[in-house]
Amino acid sequence: MALTLASLPARAATADLYGPKAADAVKGGTLTFGSLVEPPGLDPYHQAADGRIRFTVLMYQGLFYESETGEAMPLLASGYEVSPDGLVYTIKLREGVKFHTGQPMTAKDVAYSYNYLRDPKNGSPGAGDLTLISSIDAVDDGTVRITLSKPNGALPMTLGNKYGGVVPAGYFDAADAKQAFNTKSVGTGPYKLAEFKPNSHLALVKNDAYWEEGAPYLDRINILFIPNSASLIVALRNKRVDLALLTRPQDIQQVVKAPGLVMERWPSLNQKALDLGSELSPLGDPRVRQAIALSIDKDEIMRASVGGYGKVIGTMVPAMQDAWGAPLDQLANQKVDIEKAKKLLAEAGHSNLNLTLTTINGYDWMDPAAVTMKQQLARAGINLNIQRVDLGVWIKNFQSKQMGFTFNDWATQPDPHLLFYRHFHKAPEGADFRNWNNAEASALLDQGLGETDQAKRKTIYVDFQKILADSVPTVMLFSADHVSVRNENVMNYQQHPTGWFFGLARAYIKK
Amino acid sequence: MGGYLARRLAASAVTAFVASIAVFLIVRAVPGDVVAQMLGQVSDPQAAASLRGFLGLDQPVWIQYGRWISAALSGDLGISWTGGRAVGPAVFDAFLVTLEIGLLTLALATIVGVPLGIISGIYEGRWPDNLIQIFNLLGLAAPVFWTGLMLLVAVSSFAGWSPPLIYTSPTESLWENLSILMLPILSLGLLQAAAYSQFVRQNVVTSLNQDYVRTARAKGVTIRILFFKHILKNILIPLITFMGLVLVQILGGVVIVETLFSIPGLGRLLISAIETRDYPMLQGALLVVVVTAMAVNLIIDLLYSVIDPRVRLS
């Protein structure tokens with residue numbers, strides 16, 4: 001079999017995993033992290049909540065790491081080769097990796113873990129991403145071979161850390177294996193589980209047998225679940241908490257000038273979007289959708305709803321713009337043009353349009369955004385009504401493709417296939433939640449999936465984004481920054497764009 | 001007494017059974033698809049179907065109920081869907097925390113509220129009464145979340161101190177435990193003390209105006225003897241009834257203070273179970289709340305006969 005070396009990201013050096021190492025890091029100590037979000041459980045295979053993923057990435061590792069610039073970098077893999085037809089990935093494993101149980105990790109464990117993950121019988125929400133895999137085999141102790149039924153350029157990113165993580169072969173044979181994740185960690189990550197008390201805290205301790213030389217620095221991380229931001233702010237000010245992420249602008253304002261605290265902003269993969277479901281008349285008419293896009297001042301909405309702690313976007317989130325985004329000047333319908341909007345509406349025969357926008361209870365940014373947008377759309381002669389629904393109701397509408405005209409708030413892994421395919425590819429291959437049914441866009445998404453060359457992939461996805469901006473099944477409004485607030489003694493912490501806490505594996509406390 | 005107790009317990013069992021059905025149905029009436037919520041918005045239909053089957057949600061509701069109640073009767077409240085932990089022990093641990101808050105709040109409210117109410121009643125219309133009435137009004141008007149937040153912010157700004165955030169049980173360290181619970185108990189207790197004080201004042205005023213009191217005073221009985229020998233006895237029965245109401249009210253207020261002060265009690269458990277649509281946890285926690293309220297009522301009824309021999313429990 002002829003093998004070609006796949007194009008590895010230029011920055012694929014160990015030192016860059018999880019952010020830069022610190023030359024003068026102080027070792028030891030306990031960091032107290034305050035979290036508004038609580039993981040419903042720690043099972044990396046079956047628990048889909050983002051609140052789970054954020055913390056389990058410190059305990060469980062996949063073959064690849066989703067770098068903050070949107071590249072898949074080898075993590076438990078040390079390198080890989082792809083066959084010329086793009087169907088066979090031969091992955092070399094990193095040497096000297098041990099599980100938290102003390103036993104060494106081999107290819108058998110890797111094959112077992114990913115085979116468990118992709119088997120639909122095991123009920124993992126991550127299984128759907130891996131359906132293109134036809135087999136995973138251990139070639140020898142240090143090599144795994146993954147065979148696909150169709151080429152998949154996003155495979156390395158999909159083998160990252162969102163679902164699963166390599167565990168010892170046979171782990172799930174035990175009847176209580178799923179529950180056991182909450183009491184004992186069995187991954188390969190820099191931190192081990194010490195204690196998990198729901199509605200209270202999660203404690204992690206340093207993995208002394210961790211494979212990365214000299215890392216991590218902290219002996220222990222106590223993660224406190226603090227369900228309301230007023231208490232979290234008091235705790236930050238009183239130094240009961242060393243580090244936290246805040247989301248509401250009014251909360252950030254309260255600590256921004258507090259002595260001894262440092263606020264930092266980081267680009268994210270979050271996107272606040274306005275979705276236009278074609279099933280709702282007259283949103284099936286592209287002219288109506290374009291008119292709406294042309295009436296919207298994204299910057300004004302962003303300032304009204306997150307107080308400026310964000311970034312206006314075109315069709316790509318800020319953390320992925322350099323690697324995968326289409327240049328903003330090449331995208332249609334990005335600037336306000338009320339005259340053109342009115343003209344399009346008149347052409348479509350909807351001069352006095354009445355629309356109902358759905359917002360979700362508990363999403364603070366949506367209320368001011370909705371009021372601001374009501375005023376903006378009024379200029380083009382569109383009357384906006386606003387209705388609020390519970391998250392459960394909203395998800396049900398979304399999944400049954402009855403979303404109508406709604407705000408949305410989502411994030412993804414940093415890869416364009418994972419970002420776009422399921423949302424925008426025609427059914428049945430994609431879910432096409434917005435009933436967009438665009439053949440040209442779907443063809444590009446197929447092409448992007450089959451391509452493994454990163455430069456060619458980018459060209460394909462840029463073309464896709466141009467169609468997205470022109471046809472407007474969705475208006476990507478802005479991306480909220482991750483805002484971290486730390487005690488000034490906490491050093492070298494970087495917030496990963498996913499919102500996951502990889503950065504805790506690089507943080508240390510200055511004495 | 002024995003027969004009365006047996007009948008009351010039998011009636012309670014029937015109530016608990018009806019309540020268990022209500023709890024089971026109410027939990028399922030919360031809008032939204034639990035599986036969709038667990039898997040997130042971009043979930044795979046196959047994964048959703050498999051999870052639905054795994055959780056038993058593909059069965060008719062009455063079969064789901066039958067499975068749950070028969071397991072519950074043998075002491076097994078099931079496994080939490082989200083956390084994967086056993087519901088019984090989780091609810092029990094949280095209940096102990098809430099019970100401690102509830103009893104300490106009740107104690108605080110009684111110790112502060114009853115004397116204030118008595119003083120207020122005795123000095124009706126004079127300055128001590130007016131002063132106490134102001135306290136009562138403020139206490140009753142201020143919502144618990146506001147009092148709690150203000151206490152937290154005030155203590156933090158003036159003393160630079162805020163309660164520890166990892167819960168410690170009283171058996172581990174009583175001091176640490178009390179420093180965690182002090183502010184929540186204070187914020188709940190102030191409200192209930194005001195309610196107590198208002199209630200006791202009303203009863204004292206009414207008693208003082210009754211014929212037997214006037215007669216006794218005309219005969220020269222001192223107000224102190226009169227109060228402790230007669231009036232206090234007469235207000236004990238309504239006071240005990242009121243105490244039961246207060247305890248149930250405290251259980252409601254606990255949801256707020258536990259969330260505000262990050263305390264792992266039953267209130268916070270309920271909120272997080274509702275948010276994640278964790279049916280087994282929610283059912284277990286609600287059942288404990290219902291049983292507790294019934295137990296409180298039963299205990300109060302039994303106390304009546306102890307305090308007032310005229311109340312016959314047969």
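Helices and strands here are DSSP runs, numbered from the N terminus: a helix has at least four residues, a strand at least two. The model is predicted.

Start with Pro216(A). The peptide bond that leads from Ala215(A) into Pro216(A) is cis, and its omega is near -10 degrees. Another cis bond links Ala427(A) to Pro428(A), with omega about 5 degrees. Pro428(A) also belongs to a loop, the one between α13 (416-424) and α14 (439-450) of chain A.

Lys239(A) falls in the loop between α5 and β12 (243-246) of chain A.

**Cavities**

How many cavities of 30 Å³ or more does the structure hold? There are 3. The table sets out two of them.

| Cavity | Volume | Lining residues by type |
|---|---|---|
| Largest | about 110 Å³ | 7 nonpolar, 5 polar, 1 charged |

Take the largest cavity. Its volume is about 110 Å³. It is lined by 13 residues, and those closest to its centre are Gln334(A), Ala469(A), Thr474(A), Val475(A) and Met476(A). Two elements of chain A, α15 (454-471) and β19 (474-480), each supply at least two residues of this lining. Which element gives the largest share? That is β19(A), with 3 residues. By type, the lining of the largest cavity has 7 nonpolar residues, 5 polar ones and 1 charged one.

Now the second largest cavity. Residues of chain A and chain B line it. From chain A come Ser231(A), Val234(A) and Ala235(A). From chain B come Leu152(B), Ser162(B), Pro163(B), Leu165(B), Leu260(B) and Phe261(B). Helix α5 (residues 229-237) of chain A gives the most to this lining, with 3 residues.

**Chain B**

What does chain B contain, helices or strands? It has 12 helices and 0 strands. Read along the sequence, the pattern is α-α-α-α-α-α-α-α-α-α-α-α. The C-alpha atoms of chain B fill a box of roughly 85 × 60 × 35 Å, taken along the principal axes.

Look at one pair of helices. Two packed helices are described by the angle between their axes and the distance between the axes. Helix α9 (residues 211-218) of chain B packs with helix α10 (residues 223-260) of chain B at an angle of about 160 degrees, and their axes are 11 Å apart. Angles over 145 degrees count as roughly antiparallel, so α9(B) is roughly antiparallel to α10(B). The crossing of α9(B) and α10(B) is right-handed.

**Confidence**

Among the elements of chain B, helix α5 (residues 87-122) of chain B has the highest mean pLDDT, 93. Helix α2 (residues 34-39) of chain B has the lowest, 72. For the complex, the predictor gives an ipTM of 0.82 and a pTM of 0.86.

Note on methods:
Residues are numbered from 1 along each chain as its sequence is written. Chains are lettered from A and ligands numbered from 1 in the order in which they are written. This is a predicted model: local features need pLDDT of at least 70, side-chain atom pairs count only at pLDDT 80 or more; totals for chains, interfaces and linings use all residues. Side-chain values use heavy atoms; hydrogens and water are left out. On a 1 Å grid over the protein atoms alone, a cavity is a set of points where a 1.4 Å probe fits but cannot get out, and a pocket is an open set with protein on both sides within 12 Å along at least five of seven lines; lining residues have an atom within 4 Å of a point. Grid points are joined across faces, edges and corners, and a volume is the space filled by probe spheres set on the points. Ala, Val, Leu, Ile, Met, Phe, Trp, Tyr, Cys and Pro count as nonpolar, Asp, Glu, Lys and Arg as charged, and the others, Gly among them, as polar. pLDDT is the predictor's confidence in each residue, from 0 to 100. Axes are lines fitted to C-alpha atoms, for helices over the stretch in contact, and angles run from 0 to 180 degrees between N-to-C directions. Angles under 35 degrees count as roughly parallel, over 145 as roughly antiparallel, 65 to 115 as roughly perpendicular and the rest as oblique. A crossing is left-handed if the near helix is turned anticlockwise from the far one by less than a right angle, and right-handed if clockwise.
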